Amino acid sequence: MILPILKYGAPALRNMSKSVDSFTHDLEEIAKNMIETMYSSPGIGLAASQIGINIRLATIDLTVGEDESQRIIICNPEIVSAEGEQRSDEGCLSIPDFSDSVTRPLRMVVRGLNLHGEEVQYETEGLLAKCFSHEIDHLNGVLFIDRLSPLKRSLIRNKIKKLTKAGDW
Ligand SMILES: [Zn+2]
């Protein structure tokens, strides 16, 4: 089922999400819906907070469904190590039509659990590292605009305020 994605301003995007501690059929359903929602957007990553569920669950697929083997569903992701820096343009499905340059780690080792509660580990680099960093931020209530300079952040905020007033957000 394709679900509506919450936009900037929705409180759930700012909450600290809770760890997943039971690996139920419901959890699988949420993940399945997140994958469908992510593909339909289309996007390469989605955090459960973006569909209004504050649990530490994220989906990532750099191929947007082209290659099923690249599909990642991770619960309780933790950064084991991070090194280097990369800076590139970044957007977010919850802040549509805005993008800006964000600095992220170049490489990260990320550990977490799959939908069966089994430990998984990903050695990421480049776009995948950037995506994991962005999604883990979501689970902590952080958005990419928080990583911009105060000036750039307030410019985007003001534009969103205007769109909201006009009923276009
Ligand atoms: Zn995002």
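Helix 1 (residues 25–40) has 16 residues, which at 1.5 Å a residue should span 22 Å; the end C-alpha atoms of helix 1 are 23 Å apart, which agrees. The expected span is 1.5 Å times one less than the number of residues. Helices are DSSP runs (H or I, at least four residues), as are strands (E, at least two), numbered from the N terminus. The model is predicted: local features need pLDDT of at least 70, side-chain atom pairs count only at pLDDT 80 or more, and totals for chains, interfaces and linings use all residues. Residues are numbered from 1 along each chain as its sequence is written, and side-chain values use heavy atoms, without hydrogens and water.

Buried residues of helix 1 include L27, I30, M34 and M38. Buried means under 20% relative accessible area (1.4 Å probe, protein chains only). Their cover includes strand 1 (45–47), strand 2 (57–60) and strand 3 (72–83), with contact meaning heavy atoms within 4.5 Å.

A zinc ion has three protein donors: C92 (SG), H134 (NE2) and H138 (NE2), at 2.1 to 2.3 Å. Donors are N, O and S atoms within 2.8 Å of the metal (3.2 Å for Na, K and Ca); water is not among the atoms, so sites may look incomplete. Their spacing along the chain is C-x41-H-x3-H. C92 lies in the loop between strand 4 (86–90) and strand 5 (100–104), and H134 in helix 2 (residues 127–139), so the pair ties together parts 42 residues apart in sequence. C92 and H134 are both buried.

Technical notes: Buried < 20%, exposed > 50% of the residue type's maximum accessible area, 1.4 Å probe, protein only.
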